[in-house]
Amino acid sequence: MRAGDPADPLLLQVLPQAAELVAVPGFVDDAVGDLSARSAHGVLQKYAGRALLIATGSCAVNCRYCFRRHFPYAEETAASNGWREAVAQLRADGSISEVILSGGDPLSLATAKLRELTTQLATIPHLRRLRIHTRLPVVLPERVDDELTAWLRDLPWPIAIVLHANHANELDACVSDACARLVAGGVTLLNQSVLLARVNDNADALADLSERLFACRVLPYYLHQLDQVRGAAHFAVRDEDALALVTRLRQRLPGYLVPRLVREIAGVAHKVPL
Ligand SMILES: *Cc1c(COP(=O)(O)O)cnc(C)c1O
Ligand code: SF4
């Protein structure tokens, strides 16, 4: 963040604003139907073959647009009871080939706690991939320490880590080093971002983000249209503006640096491209 700049795109992501208190029709607590997708304690299953674990409610930042900002974390974390309920569900459902650690931020857990989970997951024969959704390598790159990379290297599956960065300024030299350590450990690095008014809703910001991600060995994956969660309406970008931005990105960047513009619609079997 640039000191003294109230319009700084990193500051705006975390600064509480009075606009959050204005009720806007359509912006609700459970914007993407998480609660009805719950299959066990801390486990969400919406899509074929994939189960998402709410590993923890803790997070290193509190993004003001977070779609889980009203999620009942205290009751719904997979780590409680030594992961027992969550692991039992994953073991019982032979259709699950990929486990996604999410939250909150799963890397806010101690590495020993993560190892406790993956030791149990390693005994489930139908699991083929592990994915980790985390913002920690971006906001606290020191988290990618030797203990974490040793844990990743010991895992028996191919690993994808999906980072969350919305602006090129988030990706400084420390973040780049953390990404290099992950890549050296054989991890596939992707990024998801959210299209946010005044943060990254212009073609220059999005193109710079893609370029900077690739310089850090990260491929852009999703660009999310904002989930309509209560208190986040001031971040919304109109669909026609979002589509126009992606068209401009396609005109400027190689195809692999253009993220897929998607929206999550409760009840649909996949993220929905715009
Ligand atoms: C977004 C999401 C996923 C992952 O979807 P992909 O399209 O595979 O990235 C999985 N489970 C839940 C509950 C999700 O919300
Ligand atoms: S990092 Fe992710 S889980 Fe944490 S507050 Fe931001 S959007 Fe929410």
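This is a predicted model: local features need pLDDT of at least 70, side-chain atom pairs count only at pLDDT 80 or more; totals for chains, interfaces and linings use all residues.
**The largest pocket**

Let's start with the open space. The largest pocket holds about 1,000 Å³, and 44 residues line it. Nearest its centre are Phe 67, Arg 68, Ser 102, His 133 and Gln 192. Several strands take part in this lining: strand 3, strand 4 (98-102), strand 5 (129-133), strand 6 (159-164), strand 7 (188-194) and strand 8 each give two or more residues to it. By class, the lining of the largest pocket divides into 18 nonpolar, 14 polar and 12 charged residues.

**Ligand 1 and its shell**

Around ligand 1 you will find Lys 46, Tyr 47, Arg 50, Leu 52, Ile 100, Arg 131, Tyr 221, Tyr 222, Glu 264 and Lys 271. This shell is made of 5 nonpolar and 5 charged residues, with no polar ones. Strand 3 (50-54) and strand 8 (219-224) each supply at least two residues of the shell.

Some of these neighbours also make polar contacts with oxygen atoms of ligand 1. The side chain of Tyr 221 places a polar atom 2.6 Å from a ligand oxygen. For Arg 50, the distance from an N or O atom of the side chain to an oxygen of ligand 1 is 2.7 Å, and for Lys 271 the corresponding distance is 3.0 Å. How much of ligand 1 does the protein bury? Taken alone, ligand 1 exposes 390 Å², and the protein buries 93% of that area.

Ligand 2 has its own set of neighbours: Cys 59, Val 61, Asn 62, Cys 63, Cys 66, Gly 104, Arg 135 and His 164. By class, the shell around ligand 2 has 4 nonpolar residues, 3 polar ones and 1 charged one.

A cis peptide bond joins Gly 103 to Gly 104, with omega about 15°. Gly 104 is part of the loop that runs between strand 4 and helix 3 (111-121).

**The second largest pocket**

The second largest pocket has a volume of about 230 Å³. Its lining counts 13 residues, and Met 1, Leu 10, Val 138, Val 139 and Glu 170 are those nearest its centre. Here helices contribute: helix 1 (11-14) and helix 4 (136-139) each supply at least two lining residues. The lining of this second pocket comprises 8 nonpolar, 2 polar and 3 charged residues.

| Pocket | Volume | Lining residues | Lining by class |
|---|---|---|---|
| Largest pocket | about 1,000 Å³ | 44 residues | 18 nonpolar, 14 polar, 12 charged |
| Second largest pocket | about 230 Å³ | 13 residues | 8 nonpolar, 2 polar, 3 charged |

**A positive phi**

Finally, which loop holds Asn 81? Asn 81 lies between strand 3 and helix 2 (84-92). Although Asn 81 is not a glycine, its phi is positive, at about 60°.

Key. Residues are numbered from 1 along each chain as its sequence is written. Chains are lettered from A and ligands numbered from 1 in the order in which they are written. Side-chain values use heavy atoms; hydrogens and water are left out. A residue is near a molecule or strand if one of its heavy atoms lies within 4 Å of it. A polar contact is a pair of N or O atoms within 3.5 Å; within protein, one must be able to donate a hydrogen and the other to accept it, and residues adjacent in sequence count only if both atoms are side-chain atoms. Accessible areas come from the Shrake-Rupley method with a 1.4 Å probe; for residues, only the protein chains shown count as cover. Helices (H or I, at least four residues) and strands (E, at least two) are DSSP runs, numbered from the N terminus. Ala, Val, Leu, Ile, Met, Phe, Trp, Tyr, Cys and Pro count as nonpolar, Asp, Glu, Lys and Arg as charged, and the others, Gly among them, as polar. On a 1 Å grid over the protein atoms alone, a cavity is a set of points where a 1.4 Å probe fits but cannot get out, and a pocket is an open set with protein on both sides within 12 Å along at least five of seven lines; lining residues have an atom within 4 Å of a point. Grid points are joined across faces, edges and corners, and a volume is the space filled by probe spheres set on the points.
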